[in-house]
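Work through the exercises below with the model open. Each task is followed by a solution in steps.

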Amino acid sequence: MTTLTRGRHSIREPIPEIFQASELLSQAADAHLQGNFAEAETLLIHANMPAVYEWAWVDWQKPSLNIRIPRPENDTKKLPKDQLDPTRAPKAATKRNVLARDGYRCRYCGIPVIDADIRKLLHSLYPVAVPWVSSVPEKQHAAFSCFWLQYDHVVPHSHGGRSDEDNVVISCALCNFGKLDYTVRQLDIADPRTRSPQPVEWDGLERLRGAPSASSRS
Ligand SMILES: [Zn+2]
């Protein structure tokens, strides 16, 4: 099989507001850890940017819009269920290794990502500033929704892609949900595995784990 070296890396190019929002979230985390809860709350509200929501959610609600090549030559195809990896969700050890390799950054588009645990923590601490209604993107904090850490199968699971470290990468919500079970060839994006992970300082706000709980804040 030939190596893909296509020009674009992701369905959409990240916009500057994404990085502004991540900076605000980082400042909010620091403010919270310093006990400046009102400041943290204000920063969290500022990070809830409509432009970030538009970027992450609007276009791919019709996934077919993302398809550039419906049936590429020599592409993988959907397989019968009995030929698929019985483990669809990567195992905990696989997730740990993928995260250690890729860091808190989407391997496709390069934007920062945040584990759902951290979002749940901040939602419990700041329910007004960090709104979250499952399965209703417009009722979710735009940045936490956009930065939602995913474990993406590069070769779709439905095409026989394994749930192992060779086939799973860290991705953001758009690059995972927008990709669905289309292939990188269909989407005309480069295979992220052809580029080494680029370490960044962003820690996914993991420094908040173990932060003061909602009860101790009041
Ligand atoms: Zn992405």
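**Exercise 1.** In which crossing, left-handed or right-handed, does α1 pass α2?

Solution. The model is predicted, with local features needing pLDDT of at least 70, side-chain atom pairs counting only at pLDDT 80 or more, and totals for chains, interfaces and linings using all residues. Residues are numbered from 1 along each chain as its sequence is written. Helices (H or I, at least four residues) and strands (E, at least two) are DSSP runs, numbered from the N terminus.

Step 1. α1 passes α2 in a left-handed crossing; that is, the near helix is turned anticlockwise from the far one by less than a right angle, clockwise being right-handed.

Step 2. The packing angle of α1 and α2 is about 165°, and their axes are 8 Å apart. Axes are lines fitted to C-alpha atoms, for helices over the stretch in contact, and angles run from 0 to 180 degrees between N-to-C directions.

Step 3. α1 and α2 are therefore roughly antiparallel, given these classes: under 35 degrees roughly parallel, over 145 roughly antiparallel, 65 to 115 roughly perpendicular, the rest oblique.

Step 4. On α1 the contact (C-beta atoms, placed from the backbone, within 7 Å) uses L24, Q27, A28, A31 and H32, and on α2 it uses F37, E39, A40, L43, L44 and H46.

**Exercise 2.** Describe how α1 packs on α3, and classify the contact residues.

Step 1. α1 and α3 pack at about 120°, with axes 9 Å apart, and are therefore oblique to each other.

Step 2. Their crossing is left-handed. E17, I18 and A21 of α1 meet A51, V52 and W55 of α3.

Step 3. These residues divide into five nonpolar, no polar and one charged. Here Ala, Val, Leu, Ile, Met, Phe, Trp, Tyr, Cys and Pro count as nonpolar, Asp, Glu, Lys and Arg as charged, and the others, Gly among them, as polar.

**Exercise 3.** Which residues of the largest nonpolar core touch the most other members?

Step 1. Such a core is a set of buried Ala, Val, Leu, Ile, Met, Phe, Trp, Tyr and Cys residues joined through C-beta atoms within 7 Å. A residue is buried with 20 or more other C-beta atoms within 10 Å of its own, exposed with 12 or fewer, and partly exposed in between; C-beta atoms are placed from the backbone.

Step 2. Of the 48 residues, the answer is I114, A143, C146, F147 and C172. The largest share, five residues, comes from α1.

Step 3. Beyond four places in sequence, F147 is in contact with S22, I111, P112, V113, I114 and C172.

Definitions and conventions. Two residues are in contact if their C-beta atoms, placed from the backbone, lie within 7 Å.
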